[in-house]
Amino acid sequence: MDLFTQLVERAKANKQRIVLPEGTEERTLKAADRILAEDIADLTIIGNTAEIQKLASDWGLQHINKATILDPETNPKKEEYAQALCELRKKKGMTIEEARQKMLDPLYLGCMIIKMGEADGQLAGARNTTGDVLRPALQIIKTAPGITCVSGGMILVTEAKEYGEDGVVVIGDVAVTPMPDANQLAQIAVCTAQTAKSVAGIADPRVAMLSFSTKGSAKHEVVDKVVEATKLAHELNPDLKVDGELQADAALVPAVGAKKAPGSDIAGKANVLVAPCLEVGNIGYKLVQRLGGAIAIGPILQGIARPVNDLSRGCSVDDIYYMVAITACQAQDAKL
């Protein structure tokens, strides 16, 4: 069973409630119809009810009526949500009038539904920028306990079965925090290991903190940052299997790991890679994807208390379909 099939089957086995705020967007509705037909998740689709129903009819979608369709204008809980948001943001100076206006914004409304315990995750970005998707999530849902740094994990599925977990490697951060300090890098390590478990199905994450140096082979302040981050990651999660600093080949190739980092439990066996900065992570995964032919799944947003994921505006129906399953798998894990 390939990873995509595993994700869908895990989502089906413990159905979650996922919000789709871009309810009149064509690819989103078509993916939603498929999700509902296959009973993968319970969906709340936000948008004008009549428009959504007309579009579903125009596009021959047969299952949209299985979703909860919520129109921000006629939402019966509009005032309740506005009052709760105003209370949540009052220290930031939010007025009730501003809160009422926010509850007409599908992205804010979706996050408030999650905050009120009436949904488990949200997926958007087919129409909206990453900043627009993240802003309400950070204001309303906030970060997970002990985490202040949001990051993006990418699952790489390769034909090189000897590396990672049968060819599957998870790398972070590839999407959010440009220049993490040591503490943020430690958080990224913990969160990327969690993504490896909850999404990639890797039962035993082994985390390599990457650098251009292995165990002191080079001296530089950026190497020092990775060494400090490795120590902090241990403190943040004493059960985490993590080592660094390691070069990429020392992290992945057993013979190289044994030579460059003898005695390491991670060197040559890593299935989770933590890049020292966003630039490295983003460039690295795209090189593996384009030159190495890897399948790249993500980015998967990490560190938010409940899963809120961001799509590329160039995404396909299949992308949305699988990202709903991924969001559902994250939501299952967030409840444990």
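Strand E5 (residues 151-157) is mostly covered, with six of its seven residues buried, where buried denotes under 20% relative accessible area, exposed over 50% and partly exposed in between, for a 1.4 Å probe and protein chains only. Strands (E, at least two residues) and helices (H or I, at least four) are DSSP runs numbered from the N terminus. The model is a predicted one, in which local features need pLDDT of at least 70 and side-chain atom pairs count only at pLDDT 80 or more, whereas totals for chains, interfaces and linings use all residues. Residues are numbered from 1 along each chain as its sequence is written, and side-chain values use heavy atoms, with hydrogens and water left out.

E5 is joined to strand E10 (residues 295-302) by six bridges in an antiparallel arrangement, and within this pair glycine 153 stands opposite isoleucine 300 of E10. Five bridges join E5 to strand E6 (residues 168-172), again antiparallel, and here isoleucine 155 faces valine 170 of E6. Two strands are taken to pair if DSSP finds at least two bridges between them. On this basis six strands form an open sheet of mixed pairing in the order E8-E7-E9-E6-E5-E10, the edges of which are strand E8 (241-246) and E10, each pairing on one side only. Neighbouring strands of the sheet are turned against each other by 20° on average, direction ignored.

Helix H12 (residues 278-292) packs on the sheet, touching E5, E6 and E10, and its direction makes about 20° with that of E5. Helix H9 (residues 221-236) lies across strand E7 (206-210) and E8, and runs at about 170° to E8. Contact here means heavy atoms within 4.5 Å, while axes are lines fitted to C-alpha atoms, for helices over the stretch in contact, and angles run from 0 to 180 degrees between N-to-C directions.

Helix H6 (residues 106-115) and helix H7 (residues 130-141) pack at an angle of about 35°, with their axes 9 Å apart. The contact involves, among others, Leu107, Tyr108 and Cys111 of H6 and Asp132, Val133 and Arg135 of H7.

The largest nonpolar core has 60 residues, and those with the most contacts inside it are Leu43, Ile45, Ile64, Ile155, Val207, Met209 and Val324; such a core is a set of buried Ala, Val, Leu, Ile, Met, Phe, Trp, Tyr and Cys residues joined through side-chain atoms within 4.5 Å. Apart from this core lies another of 29 residues, including Cys86, Ala119, Ile140 and Ile304.
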